[in-house]
Amino acid sequence: KIGEEAFKGSTVEEIVGSEKITSIGRYAFDNCDALKSVSLVNASVDNRAFSNCNDLRNVTLSGEVFLDDMCFSNCAALENIDIAGCYLSTDKATSFNNCPKLMTLNSEKVFDSSIGDYKSVYHDFVFEHFHDADEVGFVNEYVLFQVNRVVKENITTDMTDIEKVAILHDWVCKNTNYADDELGDRDNHNDASIFMNDDTVCEGYARACNLLYHAAGLETYFVDNSNHAWNIVKVGEQFFHIDTTWDDGETALRDWFLKSDSEMRKAGGSHAEWSVLKPSSLHSFQNDVLPPCKYAMGDINTDETVNV
């Protein structure tokens, strides 16, 4: 057994598979920047055991392997996991969270762009062991394909900005259910939320909308506060708040569609304040400075009354 933080920050370069290594503790190899390959056989790996190993390229798993939460997280160079002959079990589907170069399993591309899905041999494996994860290379490929597919199927070049926003707003409401239980689960707080899971929370709605609006050619922002998230979108030459989560019902509502800053602050509660955030690399298109949403719909003199 390798204990907690046993080799943390050390110059270990390789771990060769051996059934004698049965247990690896928390942070045991965290920040081992010289580590390039790991091979495990019939082992149990604890939380963040291999996190932040910046030069780790390949992981080989065989026999019965248990991976705890985030155990290979933030491995920026990880490209491949060999899983042939492995029965894998995980506590959370975030063992490989934030591994943006991870594109292959068994040295095969996982995502097949010709069908817009994961290869059939890996499909169930990915949905079981990666549905909670964020910033995984082949999951990002899948999400972006689904985003572009939805835009291609629903948006045409002759549409106005307000038509694009309304159609995509309604698509998300129609195809998403709010997760009333287990609100803190990571699968409710990633880019794949509405594309790989049955339901999500406000962050999942807002992330998906941000990607969809951008793919449709709109300037868009992900905004949030301590307990809620939504979007700000440019329609024509002005910016407006859009909260798809609170508009989701039996049919898509318009209660939180195209709102001004003053309307949001006046409503208070979960909408009283906000700031811009880039929740993942897929949202790098956002500007860093959040524009003001000056106008309420129909109130061009901003006196907060529609009276003409």
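The protein contains 7 helices and 18 strands, which are DSSP runs numbered from the N terminus (helices: H or I, at least four residues; strands: E, at least two). Its C-alpha atoms fill a box of roughly 80 × 40 × 30 Å along the principal axes.

Residues are numbered from 1 along each chain as its sequence is written, and side-chain values use heavy atoms, with hydrogens and water left out. Because the model is predicted, local features need pLDDT of at least 70 and side-chain atom pairs count only at pLDDT 80 or more, while totals for chains, interfaces and linings use all residues.

**Burial and contacts overall**

- Buried residues make up 49% of the 308 residues; buried means under 20% relative accessible area, exposed over 50%, and partly exposed in between (1.4 Å probe, protein chains only).
- Among contacts between residues at least 6 apart in sequence, 44% join residues at least 24 apart, where contact means heavy atoms within 4.5 Å.

**Cavity and pocket**

- On a 1 Å grid over the protein atoms alone, a cavity is a set of points where a 1.4 Å probe fits but cannot get out, and a pocket is an open set with protein on both sides within 12 Å along at least five of seven lines; lining residues have an atom within 4 Å of a point.
- Grid points are joined across faces, edges and corners, and a volume is the space filled by probe spheres set on the points.
- The whole structure holds 1 cavity of 30 Å³ or more, and the largest cavity has about 40 Å³ of space.
- Its lining consists of I81, I83, L88, T90, S95, F96, F125, H129 and F130, and the elements giving two or more residues to this lining are β7 (86–90) and α1 (120–129).
- By class, the cavity lining has 6 nonpolar, 3 polar and no charged residues; Ala, Val, Leu, Ile, Met, Phe, Trp, Tyr, Cys and Pro count as nonpolar, Asp, Glu, Lys and Arg as charged, and the others, Gly among them, as polar.
- The largest pocket holds about 180 Å³ of space, and of its 13 lining residues, S262, E263, A296, D299 and E304 lie nearest its centre.
- The lining of this pocket divides into 4 nonpolar, 4 polar and 5 charged residues.

**Strand β14**

- In β14 (residues 220–224), 5 of 5 residues are buried, with T220, F222 and D224 on one side and Y221 and V223 on the other.
- Strand β14 runs antiparallel to β15 (residues 229–235), joined by 5 bridges, and the two form a hairpin with 4 residues between them; strands pair if DSSP finds at least two bridges between them.
- Strand β18 (residues 275–276) is also antiparallel to β14, through 2 bridges.
- V223 has W230 as its bridge partner in β15 and stands opposite V276 in β18.

**Loop residues**

- S73 lies in the loop between β5 (58–67) and β6 (80–82), and S73 counts as buried because its relative accessibility is 0%.
- Leaving aside residues up to four places away in sequence, S73 touches R48, F50, S51, N52, S95 and N97.
- The side chain of S73 reaches the backbone oxygen of M70 at 2.9 Å.
- M70 is in the loop between β5 and β6 and is buried, because its relative accessibility is 7%.
- Most residues other than glycine have a negative phi, but M70 has a positive phi of about 60°.

Methods
Polar contact = N/O pair within 3.5 Å; in protein donor to acceptor, adjacent residues only side chain to side chain.
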